[in-house]
Amino acid sequence: LSLCAFVPSIFSCLCALFFGQVKAMLEKLQAMEEEHNRLANLLSDPQVIADRSKYDEYVKRYNGLKNSVGKFQDYKQVQKEIEEAKAILSDKGADRELLFLAEEELRQSEGKKVELEEELGQLLRPRRDKDEGRNAIVEIRAGTGGDEAGLFAGDLFRMYCRYAEKQGWKIELMDSHSTGRGGFKEVIFGVEGKGAHWRLQYEGGVHRVQRVPETESQGRIHTSTVTVAVLPEAKEVEVKISPEDLRIDTFRAGGPGGQHVNVTDSAVRIIHLPTGIVVQCQDEKSQHKNRAKAMRVLRARIFQHLKERQEAKISEGRRTQVGRGDRSEKIRTYNFPQSRVTDHRTGLTLHKLDEVLKGDLEELIEASLSSMEKKS
């Protein structure tokens, strides 16, 4: 039999499969739109508004559907435009100019339809990780290398801030201990935005820098390290913390001296007695604000602790990310003399160090996500 004889049947099968998938997707989106409308009505119900936990739950579900439903409504509008254009083209009495405009609108609308179908397919795919939609809390600490490590910790902090800005995310400083000249012994910050934890999760680990310090008179290259930990931010309903399990101390915040030293006991240190986890925040002048930020960091660390224990992977997660800060425990090297960045997990090397430090992390992050997905 000729191969040509099979081509029509193969094409028919592919078309049936494609249209079947589109039909199933549209049915799912229709159900999501109905749920979105139902939640909108519930959120205006006085009884729901009075029940804070239920209201927060409905808001979370409503916001979770908002993007997909919005795209679905765009899709329906484009579909309507296609039908209107086709109706004009089928009208034998329509003038030539109107037919020309209808053909152009049909072409553009069909292109939009294909794009929206791809976007909706991505939005409806199963989540790759249960923490994918979470915000992140990032902890950066100077490792080996003294002042140079502190300076590079500051470089990494600014790098992630610039990357967050490019993504449209919001950065909130939780706590920091500066070394002067733009360096940090430690800096902890929250990253709020769509896909924040998912995209940053593999940034956790030891980052190594090779460069000539400003204080080096002989021009010798020094090697220093900085540790990064990326934690999924937990909600209050996910991590219940009993007040009896906390020891809370207040003290005066440290500073560079002079007028910058806090004269009130605004800094807060919280110890979670069951796990021994300690969190300290002092960046805000208000004790209340420092305590709220400390609780957010504490909740994220406890959530990660419980997650590791549940998954029976105590040696992974945050402990693996942080390690001891030794030079040998590296995930990435930033070589200044050669303007080179190398990710040791994926093997990717980029010769554009300046751009990377300005927040151009997309290639590195995409390579990490792709590599880890293949391994899983």
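Which residues of α3 are buried? The views below take up this question and others.

**View 1. The whole chain, a predicted model.** The model is predicted, so local features need pLDDT of at least 70, side-chain atom pairs count only at pLDDT 80 or more, and totals for chains, interfaces and linings use all residues. Residues are numbered from 1 along each chain as its sequence is written, and side-chain values use heavy atoms, leaving out hydrogens and water. The chain has 10 helices and 11 strands. These are DSSP runs, numbered from the N terminus: helices are H or I, at least four residues, and strands are E, at least two. Of the 376 residues, 39% are buried. Buried means under 20% relative accessible area (1.4 Å probe, protein chains only).

**View 2. Helix α3, residues 52-89.** This helix has 38 residues. From first C-alpha to last, α3 reaches 55 Å, close to the 56 Å expected at 1.5 Å a residue. The expected span is 1.5 Å times one less than the number of residues.

**View 3. The buried residues of α3.** They are Tyr 58, Leu 65, Ser 68, Val 69, Phe 72, Tyr 75, Val 78, Glu 81, Ile 82 and Ala 85. An α-helix has 3.6 residues a turn, so residues three or four places apart point the same way.

**View 4. Glu 139 in strand β1.** Strand β1 spans residues 136-142. Glu 139 is buried, with a relative accessible area of 0%. Its side chain makes a polar contact with the side chain of Arg 301 (2.7 Å). Another, of 3.1 Å, joins the side chains of Glu 139 and Arg 141. A polar contact is a pair of N or O atoms within 3.5 Å; within protein, one must be able to donate a hydrogen and the other to accept it, and residues adjacent in sequence count only if both atoms are side-chain atoms.

Key:
Buried < 20%, exposed > 50% of the residue type's maximum accessible area, 1.4 Å probe, protein only.
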